[in-house]
Amino acid sequence: MNKLYQKSEILFAIAWIIAYVIGSSITGEIHHTVLLAFHLLLCATALIWMKRNGFFRSYGLCAPAFPARKFLWYIPLVITVSSNLWLGTARNMPPFETVSYVLSMLCVGFLEEIIFRGFLFKAMCKDCSIKTAVIVSSVTFGIGHIINLFNGSGADIVSNLCQIVSAMAFGFLFVIIFLRGQTLLPCIATHSLLNAVSAFSNDAAMTAGLTILTSLILTFIALGYAAILLKTLPLDK
């Protein structure tokens with residue numbers, strides 16, 4: 001892994017994206033527990049590699065550079081995490097499947113932040129302009145959610161398209177938090193909890209219209225919060 005990283009950080013990031021997308025698609029079609037095992041393996045691999053190379057701070061696994069008040073006490077992120085419960089709660093899976101799903105989704109939050117905001121964004125910042133890196137990281141993160149059409153999640157086209165749009169917006173927000181706040185921890189926490197809480201969302205009450213409305217609200221929150229942080233947080237501490 002070090003040889004590929006030293007040869008090209010962008011190719012290293014792309015290799016991780018491909019492995020994550022293809023692996024999740026294949027294992028997700030088999031069973032939640034197989035998907036969980038795959039995600040745990042990737043998490044362990046990433047953490048061990050970053051630990052051995054002293055990359056925790058480089059990839060945002062550290063405290064924020066600014067106090068919570070500078071981030072509006074992360075209130076927009078808390079609101080975002082609650083969105084899967086806006087229409088109430090439901091038991092969507094048997095207990096064992098629920099546990100497997102929740103743990104897998106916690107891993108997904110970590111992996112996607114490290115891959116898209118960490119590996120890809122940092123690599124592109126070295127070879128391209130920051131603006132280009134922000135755009136590519138956000139867009140690829142959003143488009144990457146097309147995986148949910150094929151991984152057994154049960155997502156339909158409308159909900160998946162809405163997810164792609166809102167994911168691009170949150171991809172932009174999270175990269176701004178990383179760029180200005182020098183940390184990925186709030187992004188990882190928000191992403192992981194949002195995914196995990198979806199296990200208890202009331203999917204039966206979510207019509208196509210409500211799906212679109214929810215997506216618009218979340219997109220507005222993400223872009224609005226990002227705009228505020230861009231104006232209030234300096235580029236360098």
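Helix H5 gives the most residues to the lining of the second largest pocket, 3 in number. Helices here are DSSP runs of H or I with at least four residues, numbered from the N terminus. A pocket is an open set of points on a 1 Å grid over the protein atoms alone, where a 1.4 Å probe fits, with protein on both sides within 12 Å along at least five of seven lines; lining residues have an atom within 4 Å of a point.

The model is predicted: local features need pLDDT of at least 70, side-chain atom pairs need 80 or more, and totals for chains, interfaces and linings use all residues. Numbering runs from 1 along each chain as its sequence is written, and side-chain values use heavy atoms, without hydrogens or water.

Back to the pocket. The volume of the second largest pocket is about 190 Å³, counted as the space filled by probe spheres set on the points. Its lining has 11 residues, and Phe 121, Lys 122, Phe 178, Leu 179 and Gln 182 are the closest to the centre. Helix H5 (95-127) and helix H7 (157-181) each give two or more residues to this lining.

Now the whole chain. The chain has 9 helices and 0 strands. Its C-alpha trace spans about 45 × 40 × 25 Å along the principal axes. Of the 237 residues, 47% are buried, meaning under 20% relative accessible area with a 1.4 Å probe, protein chains only. Contacts are heavy atoms within 4.5 Å. Among contacts between residues at least 6 apart in sequence, 80% join residues at least 24 apart.

How values were computed. Buried means under 20% relative accessible area, exposed over 50%, partly exposed in between (1.4 Å probe, protein chains only).
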